[in-house]
Each structure stands twice: as C-alpha cells, then as structure tokens.
Amino acid sequence: MTKVTKVSIGVGVFGISAGAVFLWLDWGMWASAAYLVLFGIYSILFGMSLNLSGKRQKFTRRLSFGFAGAAFVFLGIWLAGLVP
C-alpha cells in the first residue's frame, strides 16, 4: 500500500466522520454533510483504485468519479444556500 493510498483512505474516513458529525449537530446543514460523506466515499474508492489493476481499477475509478460528481452537486446546493 503506497503512502498516497493511505492518505486518500484517511481523508475519506475523516470526511465521512465529519459529515456524520455535521448532520448530527444540525439538520440544516444537510447539503454540507452530504458533500463531505460523498467526498469521503470518493477518496476511499480512489485510494483503493491505486492498488488495483485492469478492469477492477477502471471500474473503481469510474465509480469514484461518479461519487465526486454527486459531491459537487451537493457542494453547489450548500453554497447556494449560503447566499442571502
């Protein structure tokens, strides 16, 4: 396991944990919590794909970028909610 893989998985676990804590603290921040959880899933999947090869790596990377796209949708919703 490379250092980049370990860091990516660590960032993912932290993102999911922070999203869960934000959601637990305030339901009004649901978009930011969803963004953090989806970004955490993206980071974990991307870190896992670094250790794979062939079709598994291709599938895992595509899946991770799908989660990244969904995370950016929720980031946009969250940021739009901050504008008065």
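Helices are DSSP runs of type H or I with at least four residues, numbered from the N terminus. On that basis Ser-32 belongs to helix 2. The model discussed here is predicted. Its chain holds three helices and zero strands, and the order along the sequence is α-α-α.

**Overall dimensions and burial**

- The C-alpha trace of the chain extends over about 45 × 20 × 15 Å along its principal axes.
- Of the 84 residues in the chain, 27% are buried.

**Packing of helix 1 with helix 2**

- Helix 1 covers residues 3-25, and its axis comes within 7 Å of the axis of helix 2, with a crossing angle of roughly 160°.
- Helix 1 is therefore roughly antiparallel to helix 2, since an angle over 145 degrees falls in that class.
- The crossing of helix 1 with helix 2 is left-handed.
- The contact of helix 1 with helix 2 comprises 16 nonpolar and nine polar residues, with no charged residues.

**Packing of helix 2 with helix 3**

- Helix 2 (residues 30-49) and helix 3 (residues 55-82) pack at about 160°, and their axes are 8 Å apart.
- The two elements, helix 2 and helix 3, are therefore roughly antiparallel to each other.
- Helix 2 and helix 3 also cross in a left-handed sense.
- In the contact of helix 2 with helix 3, 20 residues are nonpolar, five are polar and one is charged.

**Aromatic pairs and cluster**

- The structure contains six aromatic pairs.
- In the pair of Phe-39 and Tyr-42, the ring centres are 5.7 Å apart and the planes stand at 40°, so the pair is classed as tilted.
- Phe-39 is partly exposed, at a relative accessible area of 27%, whereas Tyr-42 is buried, at 17%.
- One aromatic cluster is formed by Tyr-35, Phe-39, Tyr-42, Phe-46 and Phe-65.

- A polar atom of the Ser-32 side chain lies 2.9 Å from the backbone oxygen of Met-29.
- Ser-49 is also placed in helix 2, and its relative accessible area of 0% makes this residue buried.
- The side chain of Ser-49 is in polar contact with the side chain of Arg-61, at 3.1 Å.

**Trp-78**

- Trp-78 lies in helix 3 and is partly exposed, with a relative accessible area of 30%.
- The C-alpha atoms of Trp-78 and Phe-14 are 19 Å apart in space, while the two residues are 64 residues apart in sequence.

Conventions
Residues are numbered from 1 along each chain as its sequence is written. This is a predicted model: local features need pLDDT of at least 70, side-chain atom pairs count only at pLDDT 80 or more; totals for chains, interfaces and linings use all residues. Side-chain values use heavy atoms; hydrogens and water are left out. Axes are lines fitted to C-alpha atoms, for helices over the stretch in contact, and angles run from 0 to 180 degrees between N-to-C directions. Angles under 35 degrees count as roughly parallel, over 145 as roughly antiparallel, 65 to 115 as roughly perpendicular and the rest as oblique. A crossing is left-handed if the near helix is turned anticlockwise from the far one by less than a right angle, and right-handed if clockwise. Ala, Val, Leu, Ile, Met, Phe, Trp, Tyr, Cys and Pro count as nonpolar, Asp, Glu, Lys and Arg as charged, and the others, Gly among them, as polar. Rings of Phe, Tyr and Trp (its six-membered ring) pair if their centres lie within 6.5 Å; planes under 30 degrees apart count as stacked, over 60 as edge-to-face and the rest as tilted. Buried means under 20% relative accessible area, exposed over 50%, partly exposed in between (1.4 Å probe, protein chains only). A polar contact is a pair of N or O atoms within 3.5 Å; within protein, one must be able to donate a hydrogen and the other to accept it, and residues adjacent in sequence count only if both atoms are side-chain atoms.
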